[in-house]
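Please read them against the coordinates.

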Amino acid sequence: RLLRDHHSARWYFAEMAPVDDMTAFRAYYETARKCGGVRFGIYTKAFRVLEHAEMAPANFAVNMSLTNRLPNYEETRLAMDKGYQFFIYDDGTNPELAEYYHCPAQGKDGRTGVTCEQCGRCYTAKAGRVTCVDAH
């Protein structure tokens, strides 16, 4: 379901169906194509579905979600081929993640004052880019 915030005139997805089949992806991609001036984004762990998806529209960021680990070769290849990026939950126990960019809207002790709108990283996909987050 697509919702519009009449105060900001922005459109948002709400109650998105689980992306466990191509029907959902096609519907989301088609909506993004019809609303070219609006940026969309989705977080998913459905990598097996993403392998068969077409290239996402330029205004649709696909964020491949991982937990406390870097992407493997196959996941990286998929991201580079399709223009997806990675968001990795970092619980602080994997020292490899410390050197990667961390979401500026979240700090280990809570919010930093930077808003998601100011940053925009979630909705501006860059193939293979890694962003770590300290909280879900």
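1. Tyr43 is partly exposed, because its relative accessibility is 41%. The classes use a 1.4 Å probe and protein chains only: buried is under 20% relative accessible area, exposed over 50%, partly exposed in between. Phe87, at 5%, is buried.

2. This is a predicted model: local features need pLDDT of at least 70, side-chain atom pairs count only at pLDDT 80 or more, and totals for chains, interfaces and linings use all residues. Residues are numbered from 1 along each chain as its sequence is written, and side-chain values use heavy atoms, with hydrogens and water left out.

3. Three aromatic pairs are counted. Rings of Phe, Tyr and Trp (its six-membered ring) pair if their centres lie within 6.5 Å; planes under 30 degrees apart are stacked, over 60 edge-to-face, the rest tilted. Phe40 and Phe60 are stacked, because their planes meet at 20 degrees, with centres 6.5 Å apart. Phe40 is in strand S3 (residues 40–44) and Phe60 in strand S4 (residues 60–67), so the pair ties together parts 20 residues apart in sequence. Strands are DSSP runs (E, at least two residues), numbered from the N terminus. Both Phe40 and Phe60 are buried.

4. Tyr43 and Phe87 pair edge-to-face, at 5.3 Å centre to centre and 85 degrees between planes. This pair links strand S3 to strand S5, 44 residues apart.

5. Asn94 lies in the loop between strand S5 (85–89) and strand S6 (106–107). Asn94 is buried, at 14% relative accessible area. A polar atom of its side chain lies 3.1 Å from the backbone oxygen of Asn68.

Note on methods. Helix = DSSP H or I, 4+ residues; strand = E, 2+ residues; numbered from the N terminus. Polar contact = N/O pair within 3.5 Å; in protein donor to acceptor, adjacent residues only side chain to side chain.
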